Amino acid sequence: MADEGIGKILKVALGVCIFCSVFVATAAVGLKGIQERNKKLDKVKNILLAGDLYTNNEEIEKIYTDYIEPVMIDLTTGEAVGEDIFNDKFNIGTFDIKVMAEDPEYGQAIPAKQDLAHIKRRPKYMVVYLVKKDDAIDKIILPMYGKGLWSTMYGFLALGSDLKTIRGLTFYEHGETPGLGGEIENPRWRKTWDGKLAFDDAGNVIITVIKGKVVPGRPEASHQVDGLSGATITTRGVDQLMKYWLGENGYGPFLSRMRRGNSDEQV
Ligand SMILES: Cc1cc2nc3c(=O)[nH]c(=O)nc-3n(C[C@H](O)[C@H](O)[C@H](O)COP(=O)(O)O)c2cc1C
């Protein structure tokens, strides 16, 4: 009699386990699509935030289509590449930095000496985002990534049309500690980047995230940003990823081409 009772309990327990695992598995598969879409939307939201174009979640796709022109560039030459070389794996619509960096054909190893951002690999091509205003380029949004303390931090930097002044910064993916390194997401800190000089007149990268606070009024304050307190390693990571991506081994060739284009227009 007692054995029968235990048997029943085990059967019910087994039934509950099977039901729960089927339920969780179905929910996980069913929600995957929604999660992917939300991840994409969050990335687009961060492009808009960097470009100071974000208003609300309902308008994200419309504003993106109205104001942003994505362009695929070859990082080595800095040239824009045409749709003729796109295929199912390589195109603007599905471009994913992580996938492309690891791809044997579309990614490349970064020589250790050049690897200031400590990322080891990068895509050979990147999608940059031109913010258009009255048919002219108002800002250029550059995707960037680099190692922090715990994670690789992925973000966007917006440069003004002078190609020197920083107009915005966002991070959309990282695993730094909330309240410490995670403060890279804090809008107050992000705002302090607005108006800082990324380059000097000779085109050298001068933006620097310092340890501690910038002293206002000093000449170097124009290209310095406060470090995050208690997060020196994350802060150094942000500083180094800026130096890599803005430098000659990052977007340097692309920015030189753009500068030449700008000065040709002025002639
Ligand atoms: C639980 C824990 C989480 C931490 N998270 C971070 C972090 O996300 N980023 C960071 O730079 N330092 C983090 N730190 C602190 C570092 O270990 C290191 O002490 C710090 O970067 C030194 O910064 P400071 O010179 O501004 O104090 C963390 C420390 C602990 C104990």
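Student: Leaving aside neighbours within four places in sequence, which residues is S222 in contact with?

Tutor: S222 is in contact with K196 and L197; contact means that two C-beta atoms, placed from the backbone, lie within 7 Å. Keep in mind that this is a predicted model, where local features need pLDDT of at least 70, side-chain atom pairs count only at pLDDT 80 or more, and totals for chains, interfaces and linings use all residues. Residues are numbered from 1 along each chain as its sequence is written.

Student: Why does S222 count as partly exposed?

Tutor: A residue is buried with 20 or more other C-beta atoms within 10 Å of its own, exposed with 12 or fewer, and partly exposed in between, with C-beta atoms placed from the backbone. S222 has 14 C-beta neighbours inside 10 Å, so S222 counts as partly exposed.

Student: And what makes L255 buried?

Tutor: L255 has 24 other C-beta atoms within 10 Å, so L255 is buried.

Student: Where is L255 found?

Tutor: L255 is in helix 6 (residues 252–266). Helices (H or I, at least four residues) and strands (E, at least two) are DSSP runs, numbered from the N terminus. L255 and L163 are 92 residues apart in sequence and 7.4 Å apart in space, C-alpha to C-alpha.

Student: How do you know that the reach of helix 5 is close to the expected one?

Tutor: The expected span is 1.5 Å times one less than the number of residues. Helix 5 (residues 232–246) has 15 residues and reaches 21 Å from its first C-alpha to its last, close to the 21 Å expected. Its buried residues include V238 and L241.
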